[in-house]
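Have a look at it first.

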Amino acid sequence: MEIIINGQSQELNGPISVGDLLSQLFPEPAKGIAVAINHAVVPKTDWPARQLQSNDHVTLITATQGG
């Protein structure tokens, strides 16, 4: 299954939830992350159950500190 993450194609094996994808991408528990799929924000409470579909466009935004 192919999805697009922040504009880059990514090949995944089988169905995967947003929560599982984030666990693969960020081995440490991630904080300050926002997720949108096909331009719709996905609340953090929905990440474990929200399944990705082929050709989904996923946008990941991480908060950073700075001045």
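Q: Which residue in β5 stands opposite Ile 4?
A: This is a predicted model, where local features need pLDDT of at least 70, side-chain atom pairs count only at pLDDT 80 or more, and totals for chains, interfaces and linings use all residues. Residues are numbered from 1 along each chain as its sequence is written, and side-chain values use heavy atoms, with hydrogens and water left out. β1 and β5 pair in the parallel sense over two bridges (strands pair if DSSP finds at least two bridges between them). Opposite Ile 4 you'll find His 57.

Q: How many bridges join β3 to β5?
A: These two strands run antiparallel. One spot to look at is Ile 37, whose bridge partner in β5 is Val 58. The bridges joining β3 to β5 number five.

Q: What pattern does the chain follow along the sequence?
A: There is one helix, and there are five strands. Both are DSSP runs numbered from the N terminus: helices are H or I with at least four residues, strands E with at least two. Read in order, the pattern is β-β-α-β-β-β.

Q: What is the mean pLDDT of the chain?
A: pLDDT is the predictor's confidence in each residue, from 0 to 100. Here 99% of residues reach 70 or more. For the chain, the mean is 92.

Q: Is Ser 17 buried or exposed?
A: Ser 17 is in the loop between β2 and α1, and its side chain reaches the backbone nitrogen of Asp 20 at 3.0 Å. Leaving out residues up to four places away in sequence, Ser 17 touches Trp 47, Pro 48, Arg 50, Gln 51 and Leu 52 (contact means heavy atoms within 4.5 Å). Buried means under 20% relative accessible area, exposed over 50%, partly exposed in between, using a 1.4 Å probe and protein chains only. At a relative accessible area of 4%, Ser 17 is therefore buried.

Note on methods: A polar contact is a pair of N or O atoms within 3.5 Å; within protein, one must be able to donate a hydrogen and the other to accept it, and residues adjacent in sequence count only if both atoms are side-chain atoms.
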